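Here are my notes on the model, in numbered points. Please read them alongside the coordinates.

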Amino acid sequence: MLSIQNLTKTYPNGVKALDEINLEIQPGMFGLLGPNGAGKSSLMRTIATLQTPDSGKVVFSGIDIANDPMSLRKTLGYLPQEFGVYPKESAENLLDYFAILKGISSRKERKCKVEEVLHLTNLFEVRKKHVSSYSGGMRQRFGIAQLLLNDPQLIIVDEPTAGLDPEERNRFLNVLRGIGTENIVLFSTHLVEDVKELCTDMAMMKHGKIYRHLTPSQAVKELESKIWTKRILATELEHYKSTFNYLSSSYNEDHSLTIRVFADNTSHDSFEKAEKVTLEDVYFHALEKTVEEYA
Amino acid sequence: MLRSIYSYELKSLLKQPAIYFYFVVFFGIALLSMLGTGGFFDGVSETDKEVRFLNSAHQINFIFQYFNKFLMFLLPAIIGMVIYKDYKSNVHPILYSYPIQKSDYLLGKFLSSLTIVFLITLSVGFAFFLGELILGTNNPMIGSMNFLGYVSAYLFFVWPNLFVYGLLIFMVVASLRNIYAGFISVILLFFIQIMIDNLFEGTPLLFALLDPFGQNAVAYETRFWTISEQNVRQIPVLGVVLWNRLLWTTFGLLLFGLFYKKFQLEQETFRLLPNIGRRRLGKEPKSNPVKSRIENTKVTIDFSLLDQVKAMLKLSAIDFRFIIKNWLFRVLVFFGVLALVFAVSRVTNRADMTYLPLTRIVLAVPMYFFSLVIMLVTFIYAGMLVHRSLIAKSNQLIDTTATTNWVLLGSKILALLKVQLLLLLVMMLCGIGMQLYNGYYQLEIDLYLFHLLIITFPTLIIWAALSVFTHTLVPNIYMGIFLLLLIWIGRDQFPQIGIDTYILRFNSPPQLAYSDLNGFGHGLVAHLIINVYWLSFSAILILLTYLFWERGYSHSLKERIQKAVKQLKGYTFYAFLLLLTLLCFWGFYIFQEENGQFKTTENNEQILKDFKANFGKYKTAIQPKITSVKLKMELYPEINSFRTSGSYMLVNQSLEPIDTLLIKTGYDEITDYTFGVISRIFEKDDALQFAVHILEKPIESGDSIRMEFEIKNKPNTLFYQNSNVLKNGTFLRTDILPRLGYFFDDEYYEPTDSLARFTNFYSPDADLVDIETIISTNHLQTAIAPGTLIKQWAENNRNYFHYKTEKKIKFAFAFHSGDFSVSKSNHKGVNLEIYHHENHTFNLKDMTEGLKASLDYNTRFFGLYQHTEIRTVEFPVTEGTYASVMGNTIPTSEGRFILRNGEAKNQINLSFYVLVSCQYSNVG
């Protein structure tokens, strides 16, 4: 179990990236949802022992990260938001290099493990090509491959699907699905669909704070029967935004807008109940709330 | 558009702290060198000689020469960067799709960065000017204020050079889109300049024209200037200087014009060569279904000590490969080898004195060039290794593994050391290659290995440690390299600013010279001890690097320090304490030895001046002459010491009685002496070992007294060798013996009449003397003193030799001792003996022929040779490269024994000349 207690971090430029974060995370896929700048990456980096918090602590399976980061690293797999690779090295060689760094000292074992992760991420066919020449999706899968080398029990993936085409994203999520069962996979994203597809538990984060912590199905259930849609003209949008709990809108082919709003009960006859409450609604609803709180 | 690009880039550059750093650094160095040269740190000596004004136009221009070279570094760092950053940050695809004119873009960027570079160069001028003010007009080296001198230096040399080479660098970086190419170009320029210097040395005009920096042109135009002209005149900007400037400016502009035509604001750069391009693998192989059940391989994750060590070795092999596969490395090594070959061939093919390519010669001269390459490689690749994961953006992946800091650090240091060893090996192979090519087969592999591994390599290790430490602390790789270059060049200047002690002069052990006779001499131990001292310092540096090793992210210096302090616990802490103690111990020992009782005195000029003031009145005092010398000399080569007892017969050859004796004894010796009559010391100067004695009863004209003395050398310390007794090849001269009279006048006596032919103008205290010597040395060596060998025996495991001159000789003696081989022959009744190192047989035949020829010549013109033998004795090259005649001995430097066979003609001429002068001065 991963336990985060009162984690706080303020950067020298005054930005409070983490504001008393408290989270308990069980094995399974945990999605961390939030807009850009919410503090997701800061949280991920802190847990991954790359940054020290100003206060608070992180405990994983009895290991206090502040005192004993090395023990955590032995069982950690981390895929950062942005990473590079040494140029002109094949996937095979690079994975061997990372395997040494992860502590696999036997050459034979390294070879086997590297082959295994290459198969798992479907990169075996291209293992001898330079990683620096891979496409975006392949590179992300390579990131997973290096992560898996030490059979990690804590896996942290930071915004992994940003920039992937649909096919690549699909393949990536499949791989992730395959590994997430007995370990903790902490998975941050601003794409709601990812969380929807994969996660057994989630939290929403903004301005360095955790706003909601619940499972996706619970979240959707909460808002059942409370989401309403209506078709309006583009010019009317401002009026509706200020009058109702506006969530989101989308353009129709005839340039009219279909808006979604939140209401505990019917607010206006012209609204229709939404067919299905989506996780987007949950997301925008949570954000709305926070915007209001700061208004 | 041009203006907006120009002002944007200018503002952006002005925001960079590195710019100010460079300014301050150049300012500091310039100021220190001005003050140091002007005697600010150690006082100015007053001489009557004409002084060169430091602030004359000529001198300013001269000093700027060195700064020109250093300022070149700014070109890739600033001008190269201003265009490279667009490619590095990948902003160029966006930018080039805008309606920007190529001319505005290129000129805007170039001019703005050039402006900044010019502004930085002003720091040097300011510093010099400030230095002038600080030194003050009372300082003899400061003349009247010379503003024009500064202006001309900047307008005609500093700025044009930077303009032209800035253009070049800008061009290179913009076309290749690679900043390292910029650095290589600077290095290339230096190499070209050195090549041109060496190739055109013989033709001064071409030499002046082809100097890319313009300095040789200045030297050419001012080559006949006297010091007073140098002090007053401005640098002539017409004539050759103008041509030089025009030539190189045109050259630069032409190249730039070509570049300008080809440059396009496009995604990919223009190709000079056909497409060797990068292959982009965009295609995904056809999608295979993800295997649902892939065997999970069980692996043992092990971070035990042994496995970490194994990991470190494996990682260092990877880092090593990274370095040697890097194209920049290969280019540097290539140039290094070129320079090395060039340097060796110069030594073996010089116009006047050409030497055989002995191993020690190959190691001495080319070392310097190749060591530049090794230094550069160390500085650059330490940075590239330390920052490698950061540059490749893999640091987050690597830092989250459980591999410890010392494994990561250790692998990089090991890789660096391996590269250094590789380069040393390359050097050795090149050296051997050159020797074989020149037909010289006495490869002394053991000397190569000893020199490179025991003497050179420790120094390199220390630099590697400093490089890794610097790059770990300094986040910007270029600043790190710059700092290291600074330290490397600057440490030689420490004595100039008054720091003399070896414990502060970073990695600067005393210079070693090698002689086949004497090996590295006594200096070797001192050298090694200094190396050990700095090695312990390096160990501390490495430990500090480990503490400060960046893992993850830190957001302030305070945080880094906190992290470092946190790591200082347990074994690390004890190791730190241990190393610190070790360092202090060595430092203390060295400090003690440096300040030993018998250190050579400094500030000699002042001492001499005081002496002349106090004792000058004795200049004209008449002294008795030494007519005979008896010596009993004991040499101890193993402990580099000697003891001598002896006596003089002093005869008053003047018409007046003499009651005052002026005795000067050897500087490096402790001499006790007494006279046959009662005397007392009237005055003395201990610094110059001079004493004035008053005799109770004067020596009457024609009368004589005895003087007896005991001499031993002042004790040797680690750093100061007070005796010339060497382990092999001892060469002692007359300066160990006491002399009479006031010896400090600069004038020599001119022979005034024909009688003077019988006196010796060289030594006023003696004419021709008899000398009898019993000289002993260790059981392996032969000792030589003036005269004929009367008797030779062994006693108490030592060899004894008794020499006596049959005819009188000049008062100039040579005493040798060494493990010699002897080559003997006889020519018309004169024994010719050559005492030499057993391997130095190359020129023996020619030397002997030369001796015979000159004997014949001299006998024909000057009469018979007065002794029964001529001994040519070899002495180590560390004592000099000359040859001389002393009595019946011709001490000859080792250097002359190893002249190339083809040039041995010179050797014959030499013996010829030397004997002629000997005969002439000894004619009777």
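1. Chain A of this predicted model holds 10 helices and 14 strands. The C-alpha trace of chain A spans about 70 × 45 × 35 Å along its principal axes.

2. Chain A has 295 residues, and 56% of them are buried.

3. Next, the interface. Chain A and chain B bury about 4700 Å² between them. Of this area, 58% is on carbon and sulfur atoms. On the chain A side, A:L50, A:Y86 and A:L101 lose the most area to chain B. Together these three account for 15% of what that side buries.

4. How many residues does each chain bring to the contact? Chain A gives 53 residues and chain B gives 49 residues.

5. Polar terms across the interface can be listed briefly. There are 11 residue pairs in polar contact between chain A and chain B, counting pairs with both residues at pLDDT 80 or more. The elements of chain A that each supply at least two residues to the side touching chain B are α2 (69-74), β6 (76-79), α3 (91-101), α4 (107-120), α5 (136-148) and α6 (166-179). The largest share, eight residues, comes from α4(A). By type, the residues on this side of chain A divide into 23 nonpolar, 11 polar and 19 charged.

6. Between chain A and chain B the salt-bridge count is one. Its partners are A:K9 and B:E559, with N to O at 4.0 Å. A salt bridge here needs the nitrogen within 4 Å of a carboxyl oxygen. Over all chains, a search of the whole structure finds 32 salt bridges.

7. Which parts of chain A does the pair A:D19 and A:K209 tie together? The side chains of A:D19 and A:K209 meet in a salt bridge at 2.7 Å, N to O. A:D19 sits in strand β2 (residues 16-25) and A:K209 in strand β10 (residues 209-214), so the bridge ties together parts that are 190 residues apart in sequence. A:D19 counts as buried, at 17% relative accessibility. A:K209 counts as partly exposed, at 28%.

8. A second bridge in chain A joins A:R231 and A:D254, whose closest N and O atoms are 3.0 Å apart. A:R231 lies in strand β11 (residues 227-232), and A:D254 lies in the loop between β12 (245-251) and β13 (257-262), so the parts tied together are 23 residues apart in sequence. A:D254 is partly exposed, at 48%.

9. B:D86 forms a salt bridge with B:K109, the closest N and O atoms being 3.2 Å apart. B:D86 belongs to helix α4 (residues 74-88) of chain B and B:K109 to helix α6 (residues 102-135), so this pair ties together parts 23 residues apart in sequence. B:D86 is buried at 5% relative accessibility. B:K109 is buried as well, at 1%.

Methods: Residues numbered from 1 in each chain as written. Chains lettered and ligands numbered in written order. Heavy atoms only, no water. Contact = heavy atoms within 4.5 Å. Buried area = accessible area lost by both parts, 1.4 Å probe. Polar contact = N/O pair within 3.5 Å; in protein donor to acceptor, adjacent residues only side chain to side chain. Helix = DSSP H or I, 4+ residues; strand = E, 2+ residues; numbered from the N terminus. Nonpolar A, V, L, I, M, F, W, Y, C, P; charged D, E, K, R; others polar. Buried < 20%, exposed > 50% of the residue type's maximum accessible area, 1.4 Å probe, protein only.
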